[in-house]
Structures are given as C-alpha cells and as structure tokens.
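Open the model in your viewer and keep the selection tool at hand.

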Amino acid sequence: MTISPVIPVYNRSDIVFERGEGVYLYTKDGEKYLDFLSGIAVNALGYSHPHLVEALKTQGDKLWHLSNVFPNEPLTRLSKRLVDLTFADSVFFCNSGTEAVEAGIKAVRKYFSENGKPEKHRIITFEGAFHGRTFGAMAATGTDKILAGFEPRLEGFDKVAVDLDAVRAAIGPNTAGILVEPVQGEGGVMPLPYEFLCELRRICDEHDLLLFLDEVQCGVGRTGKLFAYEWCCAVPDVMSIAKGIGGGFPLGACLMVEKVAKALKVGSHGTTFGGNPLATAVGNAVLDIVAQEEFLAQVCRVGDYLGSRLQEICDKFPHIVHEVRGMGLMRGLKVTDPHLNADLLLKLRDNKLIVNAAGQNVIRFIPPLIIEESHVDEAFVMIEKTFSAL
Ligand code: PLP
C-alpha cells in the first residue's frame with residue numbers, strides 16, 4: 001500500500017506539535033516554535049488561552065450538542081452579540097468558512113427569488129479571491145486551479161478584475177450581488193482600497209444588488225477593527241465569517257440584514273452541527289476579549305509595528321523580499337524572483353518561525369492577535385538570521 005491513511009491533500013510537515021501556549025508551539029521533544037500562522041488565522045487568542053479553555057470546559061460539563069430544533073443558550077447569546085456589534089439583524093451558524101460562504105450565496109439567490117426577481121441570481125466575484133472548497137465557494141474563487149478536475153463549475157458567477165469599470169461592465173439583468181474579501185488573504189494579502197469597497201456599496205445601491213463581504217480571514221479583529229468593513233463605508237448586506245470567531249473550535253456564521261434573512265424560511269437552509277453549544281460557548285469567549293476596544297487598539301499598534309519591522313527586512317534584503325503588504329495582523333512579504341515563498345518558509349521553519357505562503361509569491365504573517373512587540377522582535381531576529389544565511 002502506498003497511500004497514507006490520511007488522504008494526502010495537504011503538504012504536511014514532519015514536525016509533530018504536542019501542545020501550544022500563548023504564541024508558541026512545542027513538539028514532544030520540547031522544541032519551541034514561534035507561531036505567526038495561528039492555524040491559518042484561526043487561533044486568534046493563541047494556544048491554551050485560559051478564558052477559552054474555561055468556556056469549553058464549563059460548557060463540556062453541561063451540554064455538547066442539541067438538534068437545531070431546540071435553542072441553546074450560548075448560540076442565542078452569540079447571535080444577539082453579533083447583531084449588536086455589527087450591521088447584521090440575523091445570523092446563521094455553521095462550522096467553517098466555506099459553509100458560511102455557501103449560506104451567503106443561497107441567501108442572495110433566495111432574496112431575489114422571494115422578491116419576484118428569480119432572474120437575478122448571478123454574483124460578481126474577483127480575480128485573486130478565495131472563498132472555499134465547496135462547489136459554490138469554488139465557483140466564486142478567483143483562481144481556476146482549485147477547480148481543476150472538478151468541472152463543470154457551478155453556474156452563476158462572473159469573475160472580474162479588481163477594477164470598478166470591470167465591475168460596472170459585468171452588471172446585467174441577472175446580477176444579484178457582489179462578493180468580495182475586503183482584504184484578499186490566500187490571493188496574496190491584498191487589502192482592497194477603501195474607495196473601491198465604498199464604490200461597490202454605491203454600485204449595489206444603484207443597481208439593486210446585495211453587497212456580500214467575505215470576512216472569513218480578515219474578520220474578528222484581524223485588521224484591528226472587529227470587522228474590516230468598519231474601516232470604510234462598505235457596510236454589507238451579507239457577510240461570511242469563520243476562523244477567528246471559534247478561536248480554534250470549528251465555527252462559522254453568515255450575518256445578514258433583515259430583508260435578506262427574511263427570505264430564508266423554515267427548511268430553506270440548515271446544518272446538523274451549526275451553532276453547536278460547545279462551538280458557540282467558545283465563540284462567546286472569543287468575543288469577550290476580541291471585541292474590546294483596548295484589544296483592537298493593541299492589534300493596530302502591534303500590527304503597525306510588525307509592518308515597520310517587515311519593511312526593515314525589505315530594506316535590508318531587497319534581493320529576497322521587496323514589498324510589505326496588508327494591515328493589522330494580516331501581513332505579507334512579497335518575495336523577489338527567483339526566490340520562492342514555499343522554499344523560504346521552510347527555511348524560516350528551520351529557524352523555528354512558523355509562517356505560510358499566499359498567492360503572488362507572498363510569505364504570509366497571520367499571528368495570534370495576542371502577540372506583543374517583543375514577539376515581533378523575536379520573529380525579526382529569526383527572519384534576519386534565515387535571510388542572512390541565503
Ligand atoms: N473565505 C476566505 C476569505 C478564506 O480565507 C477561507 C479559508 O482560507 C475560506 C473562505 C474557507 O474557509 P474554510 O477553510 O474554513 O472552509
């Protein structure tokens with residue numbers, strides 16, 4: 001037998017971590033790594049955060065799972081809090097980012113169908129975007145690579161460049177909405193300009209379209225606001241979130257304004273596990289901390305510091321990296337040809353810094369949101385040591 005017992009769809013490392021604490025991961029042999037990846041923007045509060053551990057243990061002693069026929073207290077509380085903290089009037093819970101995107105796609109279509117315009121079902125999406133691995137989310141994703149071998153592509157998506165004229169040209173009688181990541185993550189850590197996002201909002205208003213933001217990666221404090229749309233006037237009608245909201249427990253959600261949420265009736269959509277009490281108890285614990293103004297201010301401050309230290313790296317090693325991208329604690333370093341991000345991140349890993357690769361030959365830094373300036377300095381030394389040896 002040549003196949004591994006786990007389907008080999010991931011490029012897995014040989015390093016086996018046994019435990020995590022704060023912003024560090026430890027192997028069984030006690031080797032310590034500084035984690036600037038956080039399970040791909042998931043472990044917002046790092047590892048073994050006492051408040052999250054306590055929330056999970058407490059809920060674990062009470063109730064693990066209920067059918068969605070019955071309300072559960074953590075779910076009810078989390079939905080109310082998300083409504084209070086955002087543009088949304090109602091929330092659908094699920095378990096992952098791609099499911100949150102699927103829920104949003106379904107909501108957009110159902111809204112127009114319920115309002116007598118079933119012909120409006122197409123969604124404009126962007127080059128470089130990533131929305132997930134299920135069929136709707138794959139069809140919305142900007143890179144064709146992830147669809148290879150899974151054709152035919154689900155119908156109903158019009159991919160355009162990140163360009164307002166291209167967006168306007170793509171609008172037709174069948175257009176229902178625009179789906180966009182305010183900061184493209186997988187595509188190369190690219191914040192879209194505020195004016196661009198605000199203009200999308202205006203275009204949606206003008207053409208009776210829904211603005212659907214995918215904040216699965218850039219949401220939940222990552223950019224220094226609870227949600228990235230708060231940096232500008234691109235208030236969405238629909239928004240998918242996941243990753244950070246569960247702090248490491250699988251949890252996703254699709255947030256909607258009332259007019260859209262009303263289109264989803266009993267039986268329109270559903271999931272067995274979505275809103276599970278364990279997941280939503282942890283989600284509440286994440287919000288207890290991440291939604292605090294001082295916490296978000298700290299993300300901005302440390303994020304700016306990370307940006308400035310990465311710029312120093314660019315200035316010192318322009319033949320290896322030459323551009324800092326991103327905002328808050330979602331940052332990227334653009335690698336200089338002929339170097340490759342995939343090679344560099346392995347070398348950084350050899351020096352005990354964990355980062356990963358994003359599109360456009362970018363090294364991505366998405367550390368736990370609890371990092372401090374001293375951790376940034378530690379990462380700086382590791383990068384300097386790695387690049388000096390090249
Ligand atoms: N949307 C965005 C913006 C993402 O970055 C991701 C994952 O990286 C997804 C959706 C899919 O999330 P998941 O892997 O939890 O299905």
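Select Cys94: this residue is buried, with a relative accessible area of 1% (buried means under 20%, exposed over 50%, partly exposed in between, with a 1.4 Å probe and protein chains only). The model is predicted, so local features need pLDDT of at least 70 and side-chain atom pairs pLDDT 80 or more, while totals for chains, interfaces and linings use all residues. Residues are numbered from 1 along each chain as its sequence is written, and side-chain values use heavy atoms, without hydrogens and water.

Cys300 is in no disulfide either, as the nearest cysteine sulfur, in Cys218, is 14 Å away.

Next, select Cys198 and Cys233, which form a disulfide with sulfur atoms 2.3 Å apart (the cut-off is a pair of cysteine sulfur atoms within 2.5 Å). Which of these two is buried? Cys198 is, at 8% relative accessible area, while Cys233 is partly exposed at 40%. The torsion about their S-S bond is about 140°, so the disulfide is right-handed.

Move on to helix 2, residues 50–62 (helices are DSSP runs of H or I, at least four residues, numbered from the N terminus). Select Leu52, Ala55 and Gln59, which are buried in helix 2. Look down the axis: the buried residues fall within an arc of 65°, so they line one face (the arc is that of the directions from the helix axis to the C-beta atoms). The face turned away from the buried side carries exposed Pro50, Lys57 and Asp61.

Key:
Helices (H or I, at least four residues) and strands (E, at least two) are DSSP runs, numbered from the N terminus. The expected span of a helix is 1.5 Å times one less than its number of residues.
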